[in-house]
Amino acid sequence: MLQDDLDRWHMARALELAAQGRGAVEPNPLVGCIIAHGAEIVGEGWHRRYGGPHAEIEALRIAGPRARGATLYVTLEPCCHHGKTPPCTAALVAAGVRRVVAAQRDPFPRVDGQGARQLEAAGIAVEFGIGAAEAAQLNAPYLKLLQDQRPWVIAKWAMTLDGKLASRGGDSQWISNAASREIVHALRGRVDAILVGSGTVRADNPLLTARPPGPRTALRVVLDSRGALDPGSQLVRTARDTPVLVAVADSVLPERRRSLEALGCEVYACAGGSEAARLDSLLAELGRRQLTNVLVEGGSRVLGTFFDARAVDEAHVFVAPKLLGGASATTPVGGQGLARMNEAWRVEQPAIRVLEGDVYVAGRVGYAPAAAAS
């Protein structure tokens, strides 16, 4: 096997390993690692949990003395600073690794090329680029949080074949089947926050928890500009057990804030006189808290606000083979929308599955250039 093919083969395995940390390591990046002599793998590992050993350390532990003279494949530049764990670069030097192949540089300011320079200063050859596109896609939420200080936003909804989110009478339970809802619960179990509007709380009285629990317990966020969340709702009644953040307008009456706080909810006052401005204020706050992935579950008005602001990064849509009809029945994405078809937001490279009759479509959201959408 040619060296380039061998490098790509090992990096593909490292990327598979990295993905296994999803939901357990954020706000850290997903990282996988392989240690090999030629085609023979002598060690492998991935970052399993936030604050735990990094992928390189896991792989070195398995390889033991066989790491000496080996090539190490890693999906992100090895760290070179003391954080939750000691620097990986020092461990690689001590282990006698001969060559490091990293998919991409780590833009985290305390690394960002310095890890590679430390390794090279110790006589270890460092190469970047193999698997770079795949690694960037895998760690898109981490990279966005670093660059924009905003979380990665995942929009999710279930709809009928004729594009209805609920019947004309407001009934929406259940559009999707049990297999689809199992996917939704898995999504909930790996994100940092689950967000809905106050209208969804009134209509569906959701609990917004993962069942069964996943690796993360998401903060439940309600957009409620007036601070009028029903004290009898499931969210409020369970707020002392699973956190609830109520995002209100900064003009909301102080007594309403105090009332929600007395019930165990946290209240965040969003700055701005419009829905778009308040949304930006909230996303900035969630980014400040280092929340990496936020799942937006609706309703139509909230999803429309997010899409109008071009704030959605990824969409997960469940289409049930049912028809509701009705001109007044709610569609999934409200808001202002777009005037022309060539401006349409696209789900890029969609993954499509059939789940016992439901069609599940998931992918990254692409937006037309600003000039084309003006």
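# A guided tour of the model

A search of the whole structure finds 20 salt bridges, a salt bridge being a side-chain nitrogen of Lys or Arg within 4 Å of a carboxyl oxygen of Asp or Glu. This is a predicted model, in which local features need pLDDT of at least 70 and side-chain atom pairs count only at pLDDT 80 or more, while totals for chains, interfaces and linings use all residues. Residues are numbered from 1 along each chain as its sequence is written, and side-chain values use heavy atoms, with hydrogens and water left out.

**Stop 1: helix α1**

Select residues 3-19, which form helix α1. Helices (H or I, at least four residues) and strands (E, at least two) are DSSP runs, numbered from the N terminus. Show the side chains of Asp-4 and Arg-8: they form a salt bridge, with the closest N and O atoms 3.2 Å apart. These two residues are 4 apart in the helix, about one turn. An α-helix has 3.6 residues a turn, so residues three or four places apart point the same way. Asp-4 counts as partly exposed at 40% relative accessibility, and Arg-8 counts as partly exposed at 45%. The cut-offs are under 20% relative accessible area for buried, over 50% for exposed, and in between for partly exposed (1.4 Å probe, protein chains only).

Next select Arg-13 and Glu-16. A salt bridge joins them, the closest N and O atoms being 3.2 Å apart, and both lie in α1, 3 residues apart.

**Stop 2: two cis peptide bonds**

Most residues other than glycine have a negative phi, and most peptide bonds are trans. Go to Glu-26 and Pro-27, where the peptide bond is cis, with omega near 10°. Pro-27 sits in the loop between α1 and β1 (32-37). Then select Gln-173 and Trp-174, also joined by a cis peptide bond, with omega about 0°. Trp-174 is in the loop between β6 (152-160) and α7 (178-188).

**Stop 3: the sheet**

Now show the strands as a cartoon. What is the order of the strands in the open sheet of 9 strands? The order is β10-β9-β8-β7-β11-β6-β12-β14-β13, with mixed pairing. Two strands pair if DSSP finds at least two bridges between them. The edge strands, β10 (266-270) and β13 (346-355), each pair on one side only.

Select residues 314-320 (β12) and 358-366 (β14): these strands run antiparallel and are joined by 6 bridges. Within this pair, Val-319 has Val-359 of β14 as its bridge partner. From there, move to Glu-356 in the loop between β13 and β14. Glu-356 is not a glycine, yet has a positive phi of about 55°. At 71% relative accessibility, Glu-356 counts as exposed.

**Stop 4: helix α11**

Select residues 275-288. This helix, α11, has 14 residues and reaches 20 Å from its first C-alpha to its last, close to the 20 Å expected at 1.5 Å a residue; the expected span is 1.5 Å times one less than the number of residues. Its buried residues include Leu-279, Leu-282, Leu-283 and Leu-286.

Show Glu-285 and Arg-288, whose side chains meet in a salt bridge (2.7 Å, N to O). Are these residues buried or exposed? Glu-285 is buried, with a relative accessible area of 8%, whereas Arg-288 is exposed at 58%.
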